[in-house]
Amino acid sequence: MEIKRLPIEQPVNKLKMKATAKEQMEQSESSHDEEDEGPTRAKRGKPEVVHNGLLRPVKLSRGDLYKPPTADELNQLKEAESLFHCSLLKMQMEELLKEVSLSERRKQLIDSFVQSVTEQLQTVPQTSDMELSDLSWLSGGVKVPFVLVPKAAKGKFHMAPPISVTIIGSYPLGTCTKPGISVDLAVAIPADVLHPKDALNQRYPRKRAIYLAGLAQHLAASPAIGAMRYSCLHGNRLRPILLLSPPGKDSSSFILRLHACPPPGFFKPSRFHPQRNNIRTDWYTGLGSSHEPPTPHYNSSVLGDMLPRAHLQFLTTVSSQCAAFAEGVALLKVWLRQRELDQGVGCFSGFLGSMLLAYLLSCHRVSNTMTAYQLLRNSLHFLAFNDLTENGITLAKGPDSTPSLAEFHTAFQVVFVDPSGHLNMCADMTACTYKQVQHEASLSLQFWDDPTVDGFHALLMTPKPMIRTSDHVFQLCELVKLQCCCKKLNLLSELMDHSGNYVLTALPFILSLLQRGLGQRVRLLTHSLTPDPEWPVESDAPKHNAQPPLSFGLLLNPEQTASVLERGPPADSPKAEEFRQLWGSRSELRRFQDGDITEAVVWEGETTCQKRLVPRQLITHLLQLHADIPESCVRYIGGMLDDVIKVGREVCSTGEEESLKVVQSYDDLSRKLWTLEGLPLSITSVQGAHPALRYTQVFPPVPLKLDYSFFDREKLSRSLVPHEVKPCPVYITPIQVICHMEGSGKWPHDRVAIRHIKAAFHISLGELLTQHHHYTCQPSPTHLDVWKDGLVFRIQVAYHREPQVLRESVSPEGLLIVRDNAEAQALEMATMQRPLLTSTLHGLQQLHPCFGAVCRLAKRWLGAQLFSDDITEDTADLLVASLFLQPAPFTPPGSPQVGFLRFLHLLSSFDWRNNPLVVNLNSQLTAADYTEIKNDFIASRESLPVMFMATPSDKKVSIWTSRGLSLCAQMLQRVVMVAAESLKILEPHHSHVVMRPPLDPYDVLIHLSPKQVPLLSQAVDPPHATFSRGILAGRVANTGGALPVIDFNPVTHYLAELRDAFGDLALFFYDPYGGTVIAVLWKPKAFTPLPFKTSQMVARRVEVSGEEAHTVPNVEAILEDFRVMGQGLVKSVEPRTDRWVV
């Protein structure tokens, strides 16, 4: 039988784009493509010479070499200059289109399989008439893909061969894309199988499903058919389809989807007007009714089966007039797929994308001569600025007798009418889904023209799953409860319209309820699109609740979301009753300070951590009150992993309040330093240089009230010192403060003399602070410790020319030599760059309230996975800052959890080898700076750190990553791998497992005594047994008191000694936040035998082979040294002898 090509555009499965699209293509296909394409020809000049099957270069004449560019080449150059940031973006788009388009070999496979299936369909046997409810003729275990509720249905049915088999959808139109290739076949049911009144009471959908079951039974015996499964078109249970796979090795190459359709013109379209009823109440419920409600969704389902051929004819006509139509649709499909908008119930499918482009072309909003790039841009512009929930659009030319747009708007939330004027192609789409499409289009346009953003990657290559896009996510887990919801909301008419699918019936009403309740707290409310179900042909159709939980995403408005007060209208306002009805018993009258008496709802929440979760209280209350959905069915994911950075046990806090207290105390100290009198030189600046002062310290210092009886007293200064037999006292964090003194000719030009002057300043500052403010101070040559408000501030005096003095030296000949050195760099980092970074990130925290919490989660993960020594605190803070400063294609994180997930994604997916990470602090870098940074990076790549980060003050060196990873690319590779695995665990399961490091790869584990680990309470899994650390509960005095030992952590000192003694043999890893295990990894070359030398016998033993003596590490002695060096701290040393070869 002849195969016709006519269309309905169908979507393809989700495209998982990777950094290089080449990896997605099968090698076999690539080789066949090369054979199909044959040798390419030169654009100008003579063709290549083929000799013995090999291409030979052609020698061109001077005229051919220097021929002026053709008009076509000039147009391409002009287009690249005017439309794209650079020619690279144009080439990226072209390569992407090549990757997603079908190869000739794939098309041949599809055509062959379609021809085979068509021939099989013509041999379907004819059967005699039987009752519609009699399914005894079906054999071989094949089931009907339909939920037969109610069971009773009038009518006769018999099987017969289809009157036509037509290729429809995207394949004949040329818009079918990879991966997940789907080809659609419309199988026309013979007219004598149907009855003109079958549109009533689900008779047609049931006959359609039974006809598909008959086809499945017939095709099951054919060896030309591979696997067979049922599915539903966009999740619509009234439109089941039969999925066929080719046999053999090509079974995963593509899917053939069989759609059973009525013969052309069999039903009158006017019968399916959105205001007409085609499901009778007495048939569906058994109860009579005087008024029959309209069934617009049921009507649109039947209409959808009647019009695919007409749609294909329309799209074919439009696409023939626009050369770039297919490519424009392909780009739009990729854009939709990356945002998870093209699959499931009510999705914005590829068919809708094709129709949208056709609409823009038909109303001359885009030109037929535009490129695919321009078509995509104009499509996104239209979506961003046109709200189809308010003002629908239509492709119908004349009014005729078709429904008006107003009539469509009364029946559907989103309106886009097809060329016939009868079908709303967005019938199943919710307003929230379209608002999400609008939001994504608007966001894409914002960063499209930003030359500092990699627009191609952000637009088309970065997947945006809900868990990484929305700030908060919650799920409705027991979907069967939505039956009670429909009953509570009295949705019988809507339930009939959706043929008993209570999930889709309740969803719009739940969304509307949440939108009212959340109000200004959220910028966007989204929901997951129920995936298309698939099941074997031998199984019954799955029930409506047999699907994944419904997920909802909240894009928070940070200014409103944390408010615990929901202020309503005045008590005497007409809207007061509506407010009380919405909130129920939570609503109460309250008098406010301005004298107003209004309705109000007050939610629980004292700390920032608790206030962030106010939306959870609000959502669970509304769903329980109005939809009978208990709180146990709501799984709210908003404070994921907050527990691991929790501070204090009495009140839940993730450190914001503690950080604020530190900053306030620092501000007070800063003011007092500025007003000090009696110093030889005035203070020019006071700057914080500690993570706590930028809200990013994992566990901010808390004010401490010391128990003096727990400590011993130092004889001279009477300071508190640890007691030998008691547990290690509480760790007291010194908060670094840099105090710059004014420049003066009195400053010496000698490094030693400068240090003496600074020591004198430390003494003077201590005396003045003690004299005027009664602070306990302890000066030292390098700093001054000040005990204030139960906190310790470590003030370091700085002189701005000291780094320059350290770089200068005098040669024996008396010449002044200026040479950079590590000492000068460290001083400059401590006194200039880190204070600048602290003040900049403090400002970022003021703009984005969750910035600090994201940094704390990120650094807690790095510590838990034993990476803290490789990625420093400053580096981690800058990594997180980049997520807020350049969030494309996302919005800046609005919650700690989404920021942490994006941090892991950044670590695991960024191309550290070939690209610099630019952190544009204060938006100081221009597009020219970006280009300069990229060029310098490429030119000097081999000499730069493996993780390169550029900032406005550091464009070429990457000072923040020069330490740690600069010597170990393998460690960066492990960080990337662990981040990727953590992301895989977190996104579906939200588990604390990501905070527990795998210890299997390590060679030796040094177990520490918990009693001597001062930060034990900060561990991810702290032990149940606790130890007294010498602190008391109660109010902390502002001034006075004895000074304890500061910055005392035995584990840190032990680690330093281990690295100093055995750093050439092993790497040492430790979780600085309460870890009780030090993991040891032998270096790859540690056990290489070395020639015997008496000067290199530390931790080594002699092995003699023949006349040669070599030395190898003495592992037993080294392990014993681990124990001896850590006496009192080390509980045990666990060697893993199978992890190395001696």
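## Strand β7 and its partners

In β7, the bridge partner of V165 is V187. The structure described here is a predicted model.

Is strand β7 enclosed or open to the outside? Of the 7 residues in β7 (residues 182-188), 7 are buried, so the strand is largely enclosed by the rest of the structure. In a regular strand, side chains alternate between the two faces of the sheet. In β7, S182, D184, A186 and A188 point one way, while V183, L185 and V187 point the other way, and all of them are buried.

## The annotated domains

The UniProt record, an unreviewed entry, carries the annotation "domain: Nrap protein" for residues 183-320, 324-462, 469-627, 642-846, 848-990 and 999-1133. The span 183-320 is 33% helix and 17% strand, and its end C-alpha atoms lie 21 Å apart. For residues 469-627, the content is 36% helix and 23% strand, with 27 Å between the end C-alpha atoms.

## A three-stranded sheet

An open sheet is formed by 3 strands in the order β17-β19-β18, and the pairing is antiparallel. Its edge strands, β17 (565-570) and β18 (588-591), each pair on one side only. From one strand to the next, the twist averages 45 degrees.

Strand β19 (residues 597-602) is joined to β18 by 4 bridges, and these two strands run antiparallel.

Helix α7 (residues 203-219) contains 17 residues and reaches 24 Å from its first C-alpha to its last, close to the 24 Å expected at 1.5 Å a residue. Of its 17 residues, 16 are buried, so α7 is largely enclosed by the rest of the structure.

Helix α31 (residues 927-939) has 13 residues, which should span 18 Å at 1.5 Å a residue; the end C-alpha atoms are 19 Å apart, which agrees. Which residues of α31 are buried? They are D929, Y930, I933 and F937. Seen down the axis of α31, the buried residues fall within an arc of 100 degrees, so they line one face of the helix. An α-helix has 3.6 residues a turn, so residues three or four places apart point the same way. The cover over the buried residues of α31 includes β31 (917-918) and β32 (949-950). On the face turned away from the buried side, α31 carries the exposed residues A928, I938 and A939.

## An exposed loop residue

P68 is located in the loop between α2 (62-65) and α3 (71-83). Is P68 buried or exposed? Its relative accessibility is 59%, and P68 therefore counts as exposed, the cut-off for exposed being over 50%. The C-alpha atoms of P68 and H774 are separated by 85 Å, and the two residues are 706 residues apart along the chain.

How values were computed: Residues numbered from 1 in each chain as written. Predicted model: local features only at pLDDT ≥ 70, side-chain atom pairs only at ≥ 80, totals over all residues. Heavy atoms only, no water. Pairing = 2+ DSSP bridges. Axes fitted to C-alpha atoms, helices over the stretch in contact; angles between N-to-C directions. UniProt positions renumbered as here; feature names shortened; annotations may be inferred. Expected span 1.5 Å × (residues − 1). Buried < 20%, exposed > 50% of the residue type's maximum accessible area, 1.4 Å probe, protein only. Arc of directions from axis to C-beta. Contact = heavy atoms within 4.5 Å.
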